[in-house]
Amino acid sequence: MDMTWIWLIAAVVLLITEALAPGLVSIWFAVGALAAMLSSLFNAPLWLQAVWFVAVSAASLILTRPLVKKYVNARVQPTNADALIGKDGIVIDAIDNLAGTGSVKIAGQMWTARSAGENISIAQGKIVTAKAISGVKLIVEEKEN
């Protein structure tokens, strides 16, 4: 089978993979395969076709990846819950990571809470600072006085 067909088939398979996969994963290699296919049309030796494939794939990745990341990640929207990070709250039910218990009232809302440390317990009535949100649990640290 002529290498032109092999490169064309590779490009089509890579484009189909790109269409089926979430995010950009193989578009750069499809462009490289098309470049290698063009070089095979001009009867370039196999090693030169491979060099074209690698060089064009790498160049297209390097030149377009920062631009693509900028636009693909631009759609991330912070939620209202993200506004809780850094705010202080009060422990309503003692937090015990080992037992899986604890709740905090913060910004007028009740949250199931866990301490930021693995085995750290925080007593009822203590003031805590929200550090992160993990699923539906607020991750907190006891506030230093």
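**Notes on the predicted model**

1. Let me start at I122, which touches V91, A94, I95, S115, V128, V140, E141 and E142, leaving aside residues up to four places away in sequence; contact here means heavy atoms within 4.5 Å. Before going on, please keep in mind that this is a predicted model, where local features need pLDDT of at least 70, side-chain atom pairs count only at pLDDT 80 or more, and totals for chains, interfaces and linings use all residues. Residues are numbered from 1 along each chain as its sequence is written, and side-chain values use heavy atoms, with hydrogens and water left out.

2. I122 is also one of the twelve residues of the largest nonpolar core, together with L84, V91, I95, V104, I106, W111, A113, V128, A130, L138 and V140. Such a core is a set of buried Ala, Val, Leu, Ile, Met, Phe, Trp, Tyr and Cys residues joined through side-chain atoms within 4.5 Å. Buried means under 20% relative accessible area, exposed over 50%, and partly exposed in between, with a 1.4 Å probe and protein chains only. Two or more core residues come from each of strand 1 (88-96), strand 2 (101-106), strand 3 (109-115), strand 5 (127-134) and strand 6 (137-142). Helices (H or I, at least four residues) and strands (E, at least two) are DSSP runs, numbered from the N terminus. A separate core of five residues includes W7, A11, A33 and M37.

3. Now for the strand pairing, which requires that DSSP finds at least two bridges between two strands. Strand 1 runs antiparallel to strand 2, with four bridges joining them, and V91 stands opposite V104 there. These two strands form a hairpin with four residues between them, and G100 in the turn has a positive phi of about 75°. Strand 1 also pairs in the antiparallel sense with strand 5 over three bridges, and with strand 4 (residues 121-122) over two.

4. Which sense does the pairing of strand 3 and strand 6 take, parallel or antiparallel? It is parallel, over four bridges, with K137 as the bridge partner of T112. Strand 5 and strand 6, by contrast, pair in the antiparallel sense over six bridges. Two residues lie between them in a hairpin, where G135 in the turn has a positive phi of about 65°.

5. The whole structure holds three salt bridges, each a side-chain nitrogen of Lys or Arg within 4 Å of a carboxyl oxygen of Asp or Glu. One joins the side chains of D88 and K143 (2.4 Å, N to O). D88 sits in strand 1 and K143 in the segment after strand 6, so this pair ties together parts 55 residues apart in sequence. Another links K126 and E142, with the closest N and O atoms 3.6 Å apart. E141 and K131 form a salt bridge at 3.8 Å between the closest N and O atoms.

6. Finally, a look at helix 2 (residues 27-41), where S40 is found. S40 is buried, with a relative accessible area of 6%, and its side chain makes a polar contact with that of T4 (2.8 Å). A polar contact is a pair of N or O atoms within 3.5 Å; within protein, one must be able to donate a hydrogen and the other to accept it, and residues adjacent in sequence count only if both atoms are side-chain atoms. L34, in helix 2 too, is partly exposed at 36% relative accessible area.
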